[in-house]
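Here is a fold to talk through, question by question. Have a look first, then we'll dig in.

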Amino acid sequence: MEFKIANIRDFNLDHIFDCGQCFRWEKQADGSYTGVAMGKIVNMQFAEDPLSGGTLRIDNCDEVDFQRIWRPYLDLELDYGKLKETLRHSDKTGTMAQAIVYGEGIRILKQDLWETLISFIISQNNNIPRIKGCIEKLSKLLGEPAGEYDGKIYYSLPTPEALAAADIETLEPVKLGYRAKYLIDTAKKVVEEGFIRENLGEYMGVGPKVESCIELFGRHNLAAFPIDVWVKRVMSRLYGFEEKDVKGMADFAKETFGDLGGVAQQYLFYYIRGLDGITKSS
């Protein structure tokens, strides 16, 4: 079964799934993407039409699942055309306008909070292929089968309970390094106390950058402006900041981009990686 929806603008699956916000989607030979999220496995393909807006096809999905899961997940109800106009006018240097042209189809996914918490703890001092590999191994090791699609079995991320019951030795095949302790401690805290909503920094391994990522990608707080090595690079090269001046970058983002700092960050992240010739394999 599949579901189709037409007249979608400001949307590009390459941009959405390759801008550093998620790690469980893989591009297929035909240009589509297969992934597992919210416990569901789907394959998405987008056919762009500049005049009428493109058509999104989601395989292994019916209208009920689309309305309940994938419409909110893909943030289809938010007018990104208006957001882009606001951001273009907010940045007098023209840098944001260039970044938007490069990544015009980015949307901020509304992801599961537990998934983003675990994913971005794993992301510390890590590259995208390795993050994806760790999450895949962790899911196979401690997660539950989510089902089969096109001959491949997909797994959900382990629950907090399953991860809390593990030890460092159990996680050794995942090759998480020091992050294994962070994940186990975090899982135990979630099991014992529920999610800490006010201060994510109370979780082991969640510093300011990771906390900002979880705010943006797990809570859809569009004002959050995560500053990683790539954002430092773009802020230095294109805005003139010293790379160590994180406070200056954060203040500039708040003043310039306001409540849309997180959207701006994703355009900038995708743009600088493109300028440096970095692809999704890096």
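Q: Is N7 buried or exposed?
A: N7 sits in strand β1, residues 2-8, where strands (E, at least two residues) and helices (H or I, at least four) are DSSP runs numbered from the N terminus. The cut-offs are under 20% relative accessible area for buried, over 50% for exposed and partly exposed in between, with a 1.4 Å probe and protein chains only. N7 has a relative accessible area of 57%, so N7 is exposed.

Q: How far can we trust the model, and what is the mean pLDDT of the chain?
A: This is a predicted model, in which local features need pLDDT of at least 70 and side-chain atom pairs count only at pLDDT 80 or more, while totals for chains, interfaces and linings use all residues. Residues are numbered from 1 along each chain as its sequence is written, and side-chain values use heavy atoms, leaving out hydrogens and water. pLDDT is the predictor's confidence in each residue, from 0 to 100. In this chain 98% of the residues reach 70 or more, and the mean is 94.

Q: Which element has the highest mean pLDDT?
A: Among the elements of the chain, the lowest mean belongs to helix α10 (residues 229-239), at 94. At the other end, with 98, is helix α7 (residues 160-164).

Q: Why does the radius of gyration of the chain agree with a compact globule?
A: The radius is taken over C-alpha atoms, and the globule rule is 2.2 Å times the number of residues to the power 0.38. For 282 residues that rule gives a value near 19 Å, and the two agree because the chain itself has 19 Å.

Q: Which sense do β3 and β4 pair in?
A: Two strands pair if DSSP finds at least two bridges between them. V36 stands opposite I41 in β4. The two strands form a hairpin with two residues between them, and M38 in the turn has a positive phi of about 55°. Over five bridges, the sense is antiparallel.

Q: Is M38 buried, exposed or partly exposed?
A: M38 lies in the loop between β3 (33-37) and β4 (40-47). Its relative accessible area is 38%, so M38 is partly exposed.

Q: In the hairpin of β4 and β5, which residue takes a positive phi?
A: β4 and β5 run antiparallel and are joined by five bridges; A47 has T55 in β5 as its bridge partner. This hairpin has six residues between the strands, and the one with a positive phi, near 90°, is G53.

Q: What covers the buried residues of α2?
A: Helix α2 spans residues 63-73, and its buried residues are D65, F66, I69, W70, R71 and Y73. The cover includes β1, β2 (25-27), β3, β4 and β5 (54-59).

Q: Which residues does D65 touch, and is D65 buried or exposed?
A: D65 lies in helix α2. Contact means heavy atoms within 4.5 Å; not counting residues up to four places away in sequence, D65 touches K40 and W70. Its relative accessibility is 10%, so D65 counts as buried.
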